Amino acid sequence: MKNFDSATLLSQLQQSQPQLEKIRHELHAHPELGFNETRTANKVAELLKTWGYDVATGIGGTGIVASLTKGSGTKSIGLRADMDALPIHEASGVKYQSGCEGKMHACGHDGHTSMLLGAAQWLASDSASFNGTVRLIFQPSEEDMRGAQAMIDDGLLTRFPVDAVYGMHNMPGYPQGHMAFKEGATMAAVDSLTITLTGKGSHGSTPEKSIDPIVAGASLVMALQT
């Protein structure tokens with residue numbers, strides 16, 4: 001990859017900002033839930049093909065992998081973003097508010113998809129000179145924890161091998177224009193925890209002889225949350 005001073009690179013990227021904002025607003029207005037991101041995936045694939053990528057669709061359902069090789073290098077890098085929305089009603093009032101009742105890009109995946117498209121456009125331009133292969137991974141169904149595994153089960157890492165994968169997530173509360181990094185893996189998994197409470201019944205006149213799981217559950221919620 002060429003060495004760029006930050007001012008030059010930022011100037012080049014800012015030229016695409018109006019287009020990327022338009023794309024992001026369009027995605028935000030048409031949110032789709034996990035494994036139903038057909039409109040989003042079609043839009044992403046269309047743009048990537050326009051920029052010269054070899055695009056594979058339907059990976060793990062509605063996932064996309066786009067590949068671009070420059071030079072003769074044998075190394076490959078993966079850049080990943082998610083595409084799905086949440087089952088939430090939007091009442092933000094922004095002009096590009098969700099037009100799909102009960103669905104909203106409340107977690108910012110419209111932004112993630114747009115950022116990766118911005119990277120895709122720049123990497124495909126003459127300004128970006130690298131020696132190897134870049135693979136862009138657009139993942140479905142991140143919110144319900146099924147999309148990444150579905151893509152892997154569909155041969156993501158064997159059909160499209162990479163030496164490393166990188167992704168990022170918006171972080172409300174951080175100043176605009178700032179990025180946070182951590183050495184090694186971070187935000188690389190989604191886990192769930194199940195707690196089972198077993199109660200004991202008794203007559204309503206002797207509640208002291210029972211173990212009420214509702215009361216225990218309420219106490220547990222308060223303890224965990226605080």
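This is a predicted model: local features need pLDDT of at least 70, side-chain atom pairs count only at pLDDT 80 or more; totals for chains, interfaces and linings use all residues.
At 3% relative accessibility, H112 counts as buried.

- Helix α4 covers residues 109-124, 16 residues in total.
- From its first C-alpha to its last, α4 reaches 22 Å, close to the 22 Å expected at 1.5 Å a residue.
- Most of α4 is covered, with 13 of its 16 residues buried.

**Packing of α3 on α4**

- Helix α3 spans residues 38-50, and its axis comes within 10 Å of the axis of α4.
- The two axes cross at roughly 10°, which makes α3 roughly parallel to α4.
- On the α3 side the contact is made by V44, L47 and L48, which meet T113, L117 and A120 in α4.
- The residues of this contact divide into 5 nonpolar and 1 polar, with no charged residue.
- An α-helix has 3.6 residues a turn, so residues three or four places apart point the same way.
- That spacing can be followed in the listed contact residues, with V44, L47 and L48 in α3 and T113, L117 and A120 in α4.

**Helix α2**

- Helix α2 is the run 17-29, and it has 13 residues.
- The reach of α2 from first C-alpha to last is 18 Å, close to the 18 Å expected at 1.5 Å a residue.
- The buried residues of α2 are L20, I23, L27, H28 and A29.
- These buried residues of α2 pack against α3 and α4.

**Cysteines**

- How many disulfides does a search of the whole structure find? The search finds 0.
- A disulfide is a covalent bond between the sulfur atoms of two cysteines.
- The sulfur of C100 has its closest cysteine sulfur in C107, 17 Å away, and this is too far for a bond; the cut-off for a disulfide is a pair of cysteine sulfur atoms within 2.5 Å.
- C107 is likewise in no disulfide, its nearest cysteine sulfur being that of C100.
- C100 counts as partly exposed at 24% relative accessibility.
- C107 is also partly exposed, with a relative accessible area of 24%.

- F35 has a phi near 65°, a positive value in a residue other than glycine.
- F35 lies in the loop between α2 and α3 and is partly exposed, with a relative accessible area of 26%.
- M145 has a positive phi of about 70° although it is not a glycine.
- The place of M145 is in the loop between β4 (132-139) and α5 (147-153), where M145 counts as partly exposed at 41% relative accessibility.

- M104 is found in the loop between β3 (76-82) and α4.
- Is M104 buried or exposed? With a relative accessible area of 16%, M104 is buried, because buried means under 20% relative accessible area.
- Leaving aside neighbours within four places in sequence, M104 is in contact with P31, A85, L86, I88, H89 and E90.
- M104 and Q176 are 72 residues apart in sequence and 22 Å apart in space, C-alpha to C-alpha.
- P172 is found in the loop between β5 (164-167) and α7 (213-225).
- P172 is exposed, with a relative accessible area of 70%.
- P172 and C107 are 65 residues apart in sequence, and their C-alpha atoms are 9.9 Å apart in space.

**Strand β5**

- Y166 has its place in strand β5.
- Y166 touches I77, G78, L79 and R80, not counting residues up to four places away in sequence.
- Y166 and L136 are 30 residues apart in sequence and 9.8 Å apart in space, C-alpha to C-alpha.

Definitions and conventions:
Residues are numbered from 1 along each chain as its sequence is written. Side-chain values use heavy atoms; hydrogens and water are left out. Helices (H or I, at least four residues) and strands (E, at least two) are DSSP runs, numbered from the N terminus. The expected span of a helix is 1.5 Å times one less than its number of residues. Buried means under 20% relative accessible area, exposed over 50%, partly exposed in between (1.4 Å probe, protein chains only). Axes are lines fitted to C-alpha atoms, for helices over the stretch in contact, and angles run from 0 to 180 degrees between N-to-C directions. Angles under 35 degrees count as roughly parallel, over 145 as roughly antiparallel, 65 to 115 as roughly perpendicular and the rest as oblique. Contact means heavy atoms within 4.5 Å. Ala, Val, Leu, Ile, Met, Phe, Trp, Tyr, Cys and Pro count as nonpolar, Asp, Glu, Lys and Arg as charged, and the others, Gly among them, as polar.
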